[in-house]
Amino acid sequence: MSRSKLLDSYEQTTQQLAGHGPRNVAVLKDAFESIDGKVSSDKYGQGSVIEDFQKQMADFLGKEDAVFFPSGTMAQQIALRIWCDEKNCKKVAYHPLSHLEIHEEDGLKKLHGIQSILLADKDRVIELEDVTSMSEEVACVLLELPQREIGGQLPSYETLEAISSYCREKDIKLHLDGARILECLPYYEKTIKELCQLFDSVYLSMYKGIGGIAGAILAGERDFIAQSKIWKKRHGGDLISLYPYILSAETYFAQRKNRMGDYYTQAKELALHFNACEGIFTIPEVPVTNMFHVHFNETPEKIAPILTQAQEIMNLGVSGYLRKEKQGCSFEISIGDQYQKIPQQKVKVFFEWLEEKLKTLR
């Protein structure tokens, strides 16, 4: 059975454990239902639609200014370029599994000539010692919170404070890859402003945890944002209009920014179900955000038919893919609005069925 059947079975379910629901045109349609059609469009980065939202996000994050980008990839490369130019140093440090390192076709290096210094082992988060022991001068350290590729793990808040203090003492800029930073707040028990004050620049995705169409916010001091707007134009990011992205982002941001605590609680509950099944474990074992990775001890070829059958029989989507690991396979799950819509009895029955099927593989 091919894994394409797994994807088909997942997409045909009407109830799914993860996410906010299907990413189809309804995401835009629903966002625009309450918006006056006479609202004026933005134009090349100007106009109240974009300027008001940028101010709202700057205030929310506790920064002087902010700019809306069509993508986080563009926003973060530009942020690091500005910090490198300021210090006249073309080196930045970040985790080996940073998005910039493994998902952007070396954009930072090819477009900006910036060299990456990799910190920490790939299977753990960056700690203070990783930063203080750097042997090379860098312009900026980037921290991704949470660290997606290792299951959404987080360093302690005390570690963040120590890294921030060290970087300021050594005149090293500290950038937050906070695509999912709102999801970290329940674990840290801090406000977004308390967290962001530790960083010189902050990136927040408008589509990942928030569920908009696309786009990102980059926030920092006014001079930094003024420079980022110039680079945005150089990158072709000043589209004639970005309002579909901005208005949907504003709508879903308002709806979901205060739900992260619920998603976090539900993720811990769901992880318990997975870990109770022999042959399955999660990373982290106890989630620290609404995200975690589910690992099976068996190969994708053995697990895919079981998940496919489960999804078809129970109309409950778990995953549309399996990633092969050195031992077994895995997938990622992020809790959103969908999980609370599923009756807990149905979830219980699903895992009872799954565990029985896994026993046949022993």
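Student: What volume does the largest cavity have?
Tutor: This is a predicted model, in which local features need pLDDT of at least 70 and side-chain atom pairs count only at pLDDT 80 or more, while totals for chains, interfaces and linings use all residues. A cavity is a set of points on a 1 Å grid over the protein atoms alone where a 1.4 Å probe fits but cannot get out. Points are joined across faces, edges and corners, and a volume is the space filled by probe spheres set on them. For the largest cavity that volume is about 60 Å³.

Student: How do the residues of the lining of the largest cavity divide by class?
Tutor: Lining residues have an atom within 4 Å of a point, and here they include Val125, Leu143, Glu144 and Gln147. Ala, Val, Leu, Ile, Met, Phe, Trp, Tyr, Cys and Pro count as nonpolar, Asp, Glu, Lys and Arg as charged, and the others, Gly among them, as polar. The division is 6 nonpolar, 2 polar and 1 charged.

Student: Which residues lie nearest the centre of the largest pocket?
Tutor: A pocket is an open set of points with protein on both sides within 12 Å along at least five of seven lines. The largest pocket has a volume of about 1100 Å³. Residues are numbered from 1 along each chain as its sequence is written, and side-chain values use heavy atoms, with hydrogens and water left out. Of the 42 lining residues, those nearest the centre are Ala18, Gly19, His20, Gly21 and Arg23.

Student: Which residues lie closest to the centre of the second largest pocket?
Tutor: The second largest pocket has a volume of about 510 Å³. Its lining has 5 nonpolar, 5 polar and 6 charged residues. Closest to the centre are Lys122, Asp123, Glu149, His295 and Glu325.

Student: How many disulfides does the structure hold?
Tutor: A disulfide is a pair of cysteine sulfur atoms within 2.5 Å. For Cys140, the nearest cysteine sulfur is that of Cys84, 7.2 Å away. For Cys167, the nearest is that of Cys140, 8.0 Å away. The number of disulfides is 0.

Student: Is Cys140 buried or exposed?
Tutor: Buried means under 20% relative accessible area, exposed over 50%, and partly exposed in between, with a 1.4 Å probe and protein chains only. The relative accessibility of Cys140 is 0%, so Cys140 counts as buried.

Student: Which residues touch the most other members of the largest nonpolar core?
Tutor: A nonpolar core is a set of buried Ala, Val, Leu, Ile, Met, Phe, Trp, Tyr and Cys residues joined through side-chain atoms within 4.5 Å. The largest has 88 residues, and those that touch the most other members are Leu17, Val141 and Phe274.
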